[in-house]
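Thanks, everyone, for making the time. I would like to walk through one structure with you, and I will begin with a term that we need before the rest can follow.

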Amino acid sequence: MIINPRITDKLARIILNAQAFFTVGILVVIVVIIFFKGAPHINLEFILAAPEDMGRHGGIFFTIIGTILLVLLSILLATPLGVGTAIFLTEYTKETRFTKIIRFGVESLAGIPSILYGLFGFIFFVIKLRMGWSLLAGVLTMAIMILPTIIRTSEEAIKAVPRNLRIVSYSLSATKWETVTKVVLPSAAPGILTGIMLSIGRAVGETAAIIFTMGSSLRLPLSLMDSGRTMAVHFYILAREGISMEKAYATALILVLSILCINILAYYIMNRVIAKYS
Amino acid sequence: MDIKIRVENLRVSYGSSEILKGVTIDVHTHMITGFMGPAGSGKSSLISIINRMIDFEDDVTIHGSVYIDGNNILDGTVDEIHLRRRVGTVFAVPIPLPRSVYENIAYGPRLQGIRNRTELNTIVEESLKKAFLWDEVKDRLHISALKLSGGQQQRLCLARTLATKPEIILLDEPCSGLDPISTAKIEEALNELKKEFTIVLVSNNTKQIARITDYAAFFYMGELIEYGPTEKVFTNPSEKKTEDYIQGKFG
């Protein structure tokens, strides 16, 4: 069957448009549902007060702090390690069997379901190293979990920096380290930041691995050895145990809003970096 | 006349193909020496030995000696970072670093540990003046270097090299992508700069070699065919090949 190319073109345009609208539509529906179900229950008290009666009343302050501590510490731990590995793989070594093994390991780690990380964290950190359910065990587990993402995105970003820029830097008498820190990393920063953003998203939304390692006790973690609960875990327990759907949706909305804030902040930082190094 | 660079029986291979087949040549201090020859003649490889940028290529074997002020830079005792402070390079395509005009020029001096703002300001201004670019950019030192035109970018690269205060400047076909006016500005700058620096200019453009160099070398298939004062090479070449190349019969 022969169709007029012009009709084919129109058809393609319509279908592609529809697909784009469908994708965005799903996202909008999710956000709208969460917003309308959660917004009526959000007020200052909900954000700043301690939870009461397993979360049926009161606020979610402890879980906000738990989330912030977990995400912040695991990112602070995984970023230098991941970016360092990426620099090693791209700048300090040629393609050998060793780098292939590392890369294969990283790819494999990225594909492991989070529950397995949780199980590993439970067996190794919580039991074997006797950390108990604690912020520390959660942070270490989460750092291992997001490491592959940071390594892979950093590696791609570093590889995308034109070779010419390195050559110029060397010709101006820079050492390898100077070239990496002054030319390569600034140019790769937006890409690396994208990887960190993805990792933050994963850490904020994680439940399975966290319940196994950081626990789910509803209290304020004041030290690394305290257990605690993140917003995602709180949401899961509120909904799963049927404690309070209103509070669950309100927690979900705060979760979505904080991810939005982090993204806006990251865009701001990214634009600052791009403005300086372009 | 002083000799700045002495190359002795230099042989360079990439893998199994020999790209320089025993080249011996002296480059004189405070002169512009032109290297010309068709693609694959080995002229660019020769300058990448002098600044040891060839270290970044894979599978290279080098035999022979290259002396700068009498010290062999190939005998393993010379630190290549220190060498590249003495030997500056301008590449064929302008490659500004992705940052401001000012920061491009200050890059080299900062690597050398210069932090003082006034000192850096002076270096930036002097270097841009020497590269005949100052008047065009003095009011916009802090815009991105990527916003300059191609000709301005190449003079920026020259200024950036000058800012590291080298003794030798290597230019690898610096005008290959530039219009005649930008080319003239670079040539004008080089003519002034030879008072201070020893300059090696690689070029495919025989007219440019004739215009601005004091000595000219003709390379062909990895061998130095002819070398001498530019006037002699262009008016009375001793080799038939040189004459054919200059007259544009091949290349």
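When I speak of domains here, their bounds come from an automatic or database domain assignment, and please keep in mind throughout that this is a predicted model.

With that understood, chain A is assigned a domain 1 covering 5–41 and a domain 2 covering 44–276, and the centres of these two domains of chain A, taken over C-alpha atoms, are separated by 29 Å. As for how they touch, seven residues of domain 1 of chain A are in contact with eight residues of domain 2 of chain A. On the domain 1 side of that contact in chain A, the residues divide into four nonpolar, two polar and one charged.

Let me turn to the contact between the chains, to which chain A brings 16 residues and chain B brings 18 residues. Which helix of chain A gives the most to the side that touches chain B? That is helix 7 of chain A, with six residues, although helix 7 (163–171) and helix 8 (176–205) of chain A each supply at least two. Sorted by class, this side of chain A holds eight nonpolar, six polar and two charged residues.

Finally, in chain B, strand 1 (residues 3–14) and strand 2 (residues 17–28) pair in the antiparallel sense over nine bridges, and in that pairing Arg11(B) stands opposite Lys21(B) of strand 2. The two strands of chain B form a hairpin with two residues between them, and in the turn Gly15(B) has a positive phi of about 60°.

Definitions and conventions
Residues are numbered from 1 along each chain as its sequence is written. Chains are lettered from A and ligands numbered from 1 in the order in which they are written. This is a predicted model: local features need pLDDT of at least 70, side-chain atom pairs count only at pLDDT 80 or more; totals for chains, interfaces and linings use all residues. Two residues are in contact if their C-beta atoms, placed from the backbone, lie within 7 Å. Helices (H or I, at least four residues) and strands (E, at least two) are DSSP runs, numbered from the N terminus. Ala, Val, Leu, Ile, Met, Phe, Trp, Tyr, Cys and Pro count as nonpolar, Asp, Glu, Lys and Arg as charged, and the others, Gly among them, as polar. Two strands pair if DSSP finds at least two bridges between them.
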